[in-house]
Amino acid sequence: MANVLEVNGLTKEYKKGVRAANEVSFSVKEGEIFALIGPNGAGKTTTIRMISTLITPTSGDALVGGYSVVKQPDKVRECITYLPDEAGAYKTMTGNGYLKFMAGLFAKDKAEQEMFVNRAQQMCGLGDRLNEKIGGYSRGMIRKLLLSRAVMTAPKLAIMDEATSGLDVINALDIRRTIKNLAREQGMSFLLSSHNMLEIEYVSDRVGIITGGNLLVTGTIDELKQKYNAENLEEVFELVVNTK
Amino acid sequence: MKFRNLLKKELSELITPQAIFSMIFTMVLLIFMGQIMGSAMEEGFDTSEINICNMDNTEFTEKVLSQLEEKGSKPNMVTISGEDYAAELERLDLNSVIVIPEGFADSILVDKKPAELRYVSELGIGFSGTMSSVSASDSVSAILDTATDEILLQTYGMNEDEIARIKEPVQTVEFTTFSGKTANISAMSLSSVLMMQSMIAPFVIFFLLMMASQMIMTAISTEKIDKTLETLLSAPVPRITVLMAKLVAAVIVALLNALSMMIGFFFYMTGMMGNVTDMVQTETTAVAEATGALNIAEAMNALGLSLGVGEYLLFGLQLFVTVAIGLAISLILGALAEDAKSVQNLTMPIMIMVMIPFFITMFMNVNEMSMGIKAVMYIIPFTHSYLAINNLMAGNMLLFWGGFVYQIIFFAVCMFFAVRIFTTDKIFTMTGALSEMFKKQQQPKAKK
């Protein structure tokens, strides 16, 4: 299977000498769910933002669908969608209005825009509440709306920072299931980030453990468990960070 | 299509029911206030009602009263007993009264001493209170006038023609000059009209700037804080399109606001000033016949004070550049916002830049200031906006164009930085750098 994302030595220095991300390299295959895991401030969001073309790398590059985030950010944006951590939506818009607005930014014509909106409407499960203003939505509802927005365009790579953070169990399960289905059934690729190891163990195919800006190890969950002789991902994580 | 989509979204965020309500509310409030102020002034200037207590009852005082009636006032005769004026005013439900004491005529004509005339009034607080004393002093001077006539007539045996000549030995013909032109009109009557003109413009500029910059700052900082900006900027839309949609929406809404404000302010000023201008104008036309003075419109033309279509267009262009500068500065400031609280702090620089020249140009002449202050004033781009209308009226085209060119350069520089912030990752990384900087500055102080 071809690689949708190839990250080669991505580095970001916000301040001289302090690297938020240091020579990060990994890849994501078509239809794969890859997760970056690590504690808060490990460099997950910085790495993800560089791949999303929001911030420019100090050195290194990442190719999304063959396009460079440094040289062809416009092309990269056509291949990705990005769901930031704790993101909101325009409170004065209705759910439907928001979907229509965002679809308009991705679609080539009216027909495609409508198709995107229909897809999101079916996926988010918000029903009639989509006619209400987003200002009155709960956190879970907003997250579902944003998630359906992020996948409605069937991007080559959907990038999600802490996809389920701040959600209750039921809502979190719902979102994990949706992500898994989209990857299996439609071959969509995902780059996730999380500090919730249990969630990642359930949802992702491969993980990369990142801390202090350094990506220490990547592999499938089974590979990692065998390699470190651990029972679960949390133990793997502890061993990786401590042996460093 | 994407631009239209973005513009629609920006407009729908800015034009909320609350925004429309406050726009209409301000307009109606201004019109309403103008009406109230206007009627208060009218009441104040209305000399027709005056309360008089005539205790003298002589031929002389009768003459005084008929003289008052001749001048258009309707003396309301009341009877007051005793000297507890407060109680008497309350009893009669009056605000003021003029008391002509017994022996008034005798003391003028027989004793040849200054007679006592009493004017009692309740202290009025506020605008209408001060205005009512104007009418009373008019009546008092009318009584004085009649008294003088009577003395000249009875004691010195003059006839009416002689009296008229002695009372007005000189007739003033007023001329007013402005930027090298002269017109036959009194400066007073012009300035009341000019005040209206030269006050509307700065107010419009002031509100327009405040509103536009508040809007763009809130638009950008909310997007940053809610992280909708990250979503937006990772979508396949050129960042410059996102930026332009925000700017165009802010300009449209600011102009709508300015328009409603201008309508409101115009009615406020005409409501308030209308009566004064009318009075001045009738007075002027009366004198005009005798002295060949011009009416206000003619005088404005003669002095080059009335603006032509071309000049109004220039002013409009100037206003547009002014708003553009305000927006460009706010873009940069909005990008620096970290949370809702810091947005408020960040509005300070622009508030200062808008307010200082607003007040200074309203009360002082910048060109007559010392070199240093003048330089500081001219560096603030908005000073040129406030001075534009005056420069156009006075025909100081060099100053106007100089300011205009400076503003365009200022705008270009600000816009360059704003676009740079938006098209690079500065929009996301700048905030962190700024707070680091503040932390560094604060740390050494803490150690001391």
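Which residues in H5(A) meet which residues in H6(A)? On the H5(A) side they are A:Gly140, A:Arg143, A:Lys144, A:Leu147 and A:Val151, and on the H6(A) side they are A:Asn171, A:Ile175, A:Thr178 and A:Leu182. Welcome to this structure, which is a predicted model.

- Helix H5 of chain A covers residues 139-151, and helix H6 of chain A covers residues 169-186.
- Their axes come within 10 Å of each other and cross at roughly 10 degrees. Because angles under 35 degrees count as roughly parallel, H5(A) is roughly parallel to H6(A).
- Sorted by type, the residues of this contact are 4 nonpolar, 3 polar and 2 charged.

**The sheet of chain A**

- Chain A has an open sheet of 6 strands, and reading across it gives the order E6-E7-E8-E3-E9-E10, with mixed pairing.
- At the edges stand E6 and strand E10 (214-220) of chain A, each of which pairs on one side only.
- On average, neighbouring strands of this sheet are turned by 15 degrees against each other, direction ignored.
- Helix H8 of chain A (residues 221-228) lies across strand E9 (206-211) and E10 of chain A, and it runs at about 110 degrees to E10(A).

**A closer look at strand E8 of chain A**

- Strand E8 of chain A spans residues 189-194 and is mostly covered, with 6 of its 6 residues buried.
- Which residues of E8(A) lie on one side, and which on the other? A:Ser189, A:Leu191 and A:Ser193 are on one side, while A:Phe190, A:Leu192 and A:Ser194 are on the other. Both faces are covered, and these residues are all buried.
- One partner of E8(A) is strand E3 of chain A (residues 33-37): the two run parallel and are joined by 5 bridges.
- Within that pairing, A:Ile33 has A:Phe190 as its bridge partner, and A:Leu36 has A:Ser193.
- Strand E7 of chain A (residues 157-161) also pairs with E8(A) in the parallel sense, over 5 bridges. Here A:Asp161 stands opposite A:Ser193.

- Most residues other than glycine have a negative phi.
- A:Glu23 has a phi near 50 degrees, a positive value in a residue other than glycine. A:Glu23 lies in strand E2 of chain A (residues 18-29).
- Is A:Glu23 buried or partly exposed? A:Glu23 is partly exposed, with 14 other C-beta atoms within 10 Å.
- A:Glu86 has a positive phi too, near 50 degrees. A:Glu86 sits in the loop between strand E6 (80-83) and helix H3 (95-106) of chain A.
- With 13 other C-beta atoms within 10 Å, A:Glu86 is partly exposed.

**The sheet of chain B**

- Chain B has an open sheet of 4 strands in the order E2-E1-E3-E4, with mixed pairing.
- Strand E2 (74-77) and strand E4 (118-121) of chain B stand at the edges; each has a single partner strand, so one side of each is left without a neighbour in the sheet.
- The twist from one strand to the next averages 30 degrees.
- Strand E1 of chain B (residues 49-54) runs parallel to E2(B), and 4 bridges join them. In this pairing, B:Glu49 stands opposite B:Lys74.
- Helix H3 of chain B (residues 59-70) packs on the sheet, where it touches E1, E2 and strand E3 (96-100) of chain B. The direction of this helix makes about 135 degrees with that of E2(B).

**Where the two chains meet**

- How many residues of chain A are in contact with chain B? There are 22 of them, and they touch 21 residues of chain B.
- Helix H2 (73-79), E6 and H3 of chain A each supply at least two residues of the side that touches chain B.
- H3(A) gives the largest share of that side of chain A, with 4 residues.
- By type, the residues on this side of chain A divide into 12 nonpolar, 6 polar and 4 charged.

Conventions: Residues are numbered from 1 along each chain as its sequence is written. Chains are lettered from A and ligands numbered from 1 in the order in which they are written. This is a predicted model: local features need pLDDT of at least 70, side-chain atom pairs count only at pLDDT 80 or more; totals for chains, interfaces and linings use all residues. Axes are lines fitted to C-alpha atoms, for helices over the stretch in contact, and angles run from 0 to 180 degrees between N-to-C directions. Angles under 35 degrees count as roughly parallel, over 145 as roughly antiparallel, 65 to 115 as roughly perpendicular and the rest as oblique. Two residues are in contact if their C-beta atoms, placed from the backbone, lie within 7 Å. Ala, Val, Leu, Ile, Met, Phe, Trp, Tyr, Cys and Pro count as nonpolar, Asp, Glu, Lys and Arg as charged, and the others, Gly among them, as polar. A residue is buried if 20 or more other C-beta atoms lie within 10 Å of its own, exposed if 12 or fewer, and partly exposed in between; C-beta atoms are placed from the backbone. Two strands pair if DSSP finds at least two bridges between them.
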